[in-house]
Amino acid sequence: MTAMFPKRVFVFAFTVAVLQNSIDAFELNIAVLPEWKTIITPSLTLRQLGLTSFNMNTFDIGSTRSDYDKIKKAIQMLKEHNTHAIIGPFYEPISLATESLNVTYLATTEVTSDELNATFQMLPRLDDFSEAILDLVKQYAWDDVSIFFDDKKGISIVEKLLTNHELMIKSWRLEAHTSEKEVRDHLVHMRRVFMKRSIVFCRKENIHILLETARSLAMLSTPYEWLFYDPGDQLVDIFELYPDIHVNFTVFSLIPFNSSVQRTWLDKGGFNMTLAQDTLAILRDAVALIPFDNATTETVRNAILERVSGVQLPGNSGFLQFDHQGKRSNFSIILTELSGYSANNSGMTAYQIGRWFSDSPRFMSRLHIRDRLGIGNSTSPFPLVGRTAKVVTILEKPFCMLKRDYKVRVGNDKYEGFAVDLIQEVADMLKFNYEIYLVHDGKFGSKLADGNWNGMIGELLSGNATMSVAPLSINSLREEAVDFTKPFMTRYISVLMKVPRSTTSYFEFLNPLHPVVWFCTLGAFVFVSIVLYILERIGNVNRKECPSISFKESFWFVFGSLLQGSTDATPSTLPGRILTSSWWFFALILISSYTANLAAFLTVKKINTPIKTVTDLASQTKIKYGTVQSSGIMEFFKNTDIEHFSKMWAQMSEIEPSSMVANTEEGFKKIKEGNYAFFWDTTVNKYKTIEDCDFMEVGPPFDPKGFGIGVPPGATYRDELSMAILRLSDTGRLHELENEWWGRRNCPDFGKPSTDETSELQIENVAGVFFILVGGVAVAAVVCLGEYFAKQISNSVKKRALVRGSLVAMDILQTIGRTHNTDEPSE
């Protein structure tokens, strides 16, 4: 549409000699505004006006500052060139000038002023289009509608629709040169509040951006409905850019839609050319019966003005007639539905569903609709067919993982996992393409304090993602924000912990018996040894031929009997033998029990985990526990009314806030460090126990919820995605995918003592026995050395004593000998 206030005016005056039966001396001068120079000039021919000749003069009012100067200059130029009529966009200073001189002004754009007797509006008033839209709203009993506009036209339609107090209206004002982000924000908000019907009053460039953004958000499909204000089908080239739309565009226009004709027609000037032809038809009808004999400029002006005021004739833009204010009247607005290309690809499918008549008999509806149930296709094809959907996900084993060589791969080929296989199956079934990207903040999605959402939910609400395929659990809070498909998997919450390892002891062979039993056995050994010695001592008092057992032999006999050894000494008395028999029976039972327990302890590993159930965590403080922030599991603990879970939430969020982690990888790392329990989905926990034998699940699981594909609120493709999931489930394909990613666990289950899980004895298990043997050897060696040195010392002492005795004897003998010699007489 041309501008409202041109900077300068070119006047193309041509002289009409006469009608074929008129006087040659008269000239008919018509002024054309500059925007219409290229439009009206090809149509200003003698044939168009039924004239034989014409002259053309230049009309230029120049550049002025104030409207008063513009009006004054326009009047001056109109007088100088004896102008009889003006054609072009409405320009108020020119309109006031023509009003003073009774010059007919055929305005080709909307007239913003009333009570102008010389100005005629070739386009119907915007109020008429507003009335047509309002009647359509009433016809289908709509309860809400949104309006997109970028100038005052939108304000006019909003004011008109507000007269229907039962209608909820949401208006979106776009900038003159809008951006995709601005449009996307409006469309996302519109989808969030479930507004399905939109009326568009925008310039062509903005409509293109609007439709492109709507297509990226899958909003060009049922149940969305789009209505456009386009008096002359000038948007046909825009509409033909969307052959894949699955919702009808309803256009309010003055002329019928024909794609092939309009394409050529647009190249030649479009609707403005149609209006140019209609203005010339009006002038031709006006001058046809004017008597030009002795006619003056003033009389011709008045005659043309009078004839145009009463004109009634068919035109290219509808029936041409004006009311007393110069507004178009007695016309009709055509309602046309446009959809994608037809089967033979001959162009867009156009269906005229009705007309709106500006003047209709009283008590009759001005809107005439054909037998249709409503606006929109009767079928609803999947809106993503042949398109590329943005799929947001999150790194979470085994749903989505980066391949080992992902750095040398591009696009979707970088990812693998259950969710990746699932979206591939759904895309193949519904015939659309997809592009996977990771959520930028690494979060699943939770509601923030300001009401916004983060994570994958935020991506869906912002319009960045077409869908989310991830282990995103469905809960009431998320369901209020976005829509979900039927669940493709059910998950529970369980606790993931590190497998507790039993401490290895060199004296593990002592474990089969309790320390009390060991001490009692030692006491029994000492007691029986002493009693046996006493019984044998008393019983052999009068039996000198049978020597009794010594105290030392008594101890060795009892000890040897316990270890199934043999000794030289045995009890000889009846009481001693009775005591020995009872000791043997005691040793038999004790050794058999010890042997059986030793085999179990050393060959079957039993794990006594300190946490048996989930609720055990609430009654202790040694092991910390937590979950991922901004996750569905965190929301469960935060909102639950169950006492022990509420107690756990207080512990996690207030007492030990460091137990909460940013992602699952951080949680697994804390488990590895020990003394940490991680609440997470059973699906992920199960895979982690398969992948790493250092992890174990602690149950029982709780809080069952489904994993579903998330879509933006009001997305029209949710049902098709749900049906695809159900078909995959019915055919068993979902079960096959689960088996591919959750295989059989090859780690031993230490919680179940079974012969299938026994293992050979390691040196650590029986090292203590070797230590005792070595200790016995060492003690025996020490005792042997002690006896040897004692014997050597004893022999040395005896030898010295013998030598000393010999010396003493020799001294005695010598003394005796000296005495004997003294007693003899001398000779």
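**Buried residues of helix α4 pack against several neighbouring elements.** The partners of these buried residues are α3 (67–80), β2 (85–88), β3 (104–107), β4 (119–121) and α12 (297–309), where contact means heavy atoms within 4.5 Å. Helix α4 itself spans residues 92–101, and its buried members are Pro 93, Ile 94, Ser 95, Ala 97, Thr 98 and Leu 101. Buried stands for under 20% relative accessible area, exposed for over 50%, and partly exposed for anything in between, using a 1.4 Å probe and protein chains only. Just after α4 comes Asn 102, with a positive phi of about 60°. Helices (H or I, at least four residues) and strands (E, at least two) are DSSP runs, numbered from the N terminus. This is a predicted model, so to speak for local features a pLDDT of at least 70 is needed and side-chain atom pairs count only at pLDDT 80 or more, while totals for chains, interfaces and linings use all residues. Residues are numbered from 1 along each chain as its sequence is written, and side-chain values use heavy atoms, leaving out hydrogens and water.

**Four strands make an open sheet in the order β22-β23-β21-β24.** The pairing in this sheet is mixed; two strands pair if DSSP finds at least two bridges between them. At the edges sit β22 (624–626) and β24, each pairing on one side only. From one strand to the next, the twist averages 20°. Strands of a sheet pair through backbone hydrogen bonds, either parallel or antiparallel.

**A closer look at strand β21 and its two partners.** Strand β21 covers residues 489–498 and is mostly covered, with seven of its 10 residues buried. With β24 (residues 695–707), β21 runs antiparallel, joined by eight bridges. You can find Val 495 opposite Val 698 of β24. With β23 (residues 676–681), β21 pairs in the antiparallel sense too, over four bridges. Here, look for Ser 494 standing opposite Trp 680 of β23.

**Helices α20 and α21 lie across strands of the sheet.** Helix α21 (residues 664–673) lies across β21, β23 and β24, at about 145° to β23. Axes are lines fitted to C-alpha atoms, for helices over the stretch in contact, and angles run from 0 to 180 degrees between N-to-C directions.

**A nonpolar surface patch of about 520 Å².** Its members are Leu 522, Val 526, Ile 530, Ile 534, Ile 538 and Phe 551. Helix α16 (residues 515–539) supplies the largest share, five residues, and Leu 522 lies in that helix. Patch residues have over 30% relative accessible area and no salt bridge; like charges are joined within 9 Å, and nonpolar side chains (Val, Leu, Ile, Met, Phe, Trp, Tyr) within 5 Å. Accessible areas come from the Shrake-Rupley method with a 1.4 Å probe, and for residues only the protein chains shown count as cover.

**Salt bridges link Asp 150 to Arg 203 and Asp 237 to Lys 204.** The structure holds 27 salt bridges, each a side-chain nitrogen of Lys or Arg within 4 Å of a carboxyl oxygen of Asp or Glu. Asp 150 and Arg 203 meet at 3.5 Å, N to O. This pair links distant parts of the chain, 53 residues apart: Asp 150 is in the loop between β5 (144–149) and α6 (152–161), and Arg 203 in the loop between β7 (197–201) and α8 (204–216). Asp 150 counts as buried because its relative accessibility is 5%, whereas Arg 203, at 34%, counts as partly exposed. The side chains of Asp 237 and Lys 204 meet at 2.8 Å, N to O. Asp 237 belongs to helix α9 (residues 236–239) and Lys 204 to helix α8, so this bridge ties together parts 33 residues apart in sequence. Asp 237 is partly exposed at 23% relative accessibility, and Lys 204 is partly exposed at 31%.

**Arg 409 forms a salt bridge with Asp 413.** The closest N and O atoms of the two are 2.6 Å apart. Arg 409 is partly exposed, with a relative accessible area of 25%, and Asp 413 is partly exposed at 35%.

**Thr 466 and its surroundings.** Thr 466 is in the loop between α14 (455–461) and β19 (467–468), and counts as buried because its relative accessible area is 6%. Apart from neighbours within four places in sequence, Thr 466 is in contact with Ser 216, Leu 384, Ala 389, Lys 390, Leu 460, Val 711, Pro 712 and Tyr 717. The C-alpha atoms of Thr 466 and Val 391 are separated by 6.0 Å, with the two residues 75 apart along the chain.
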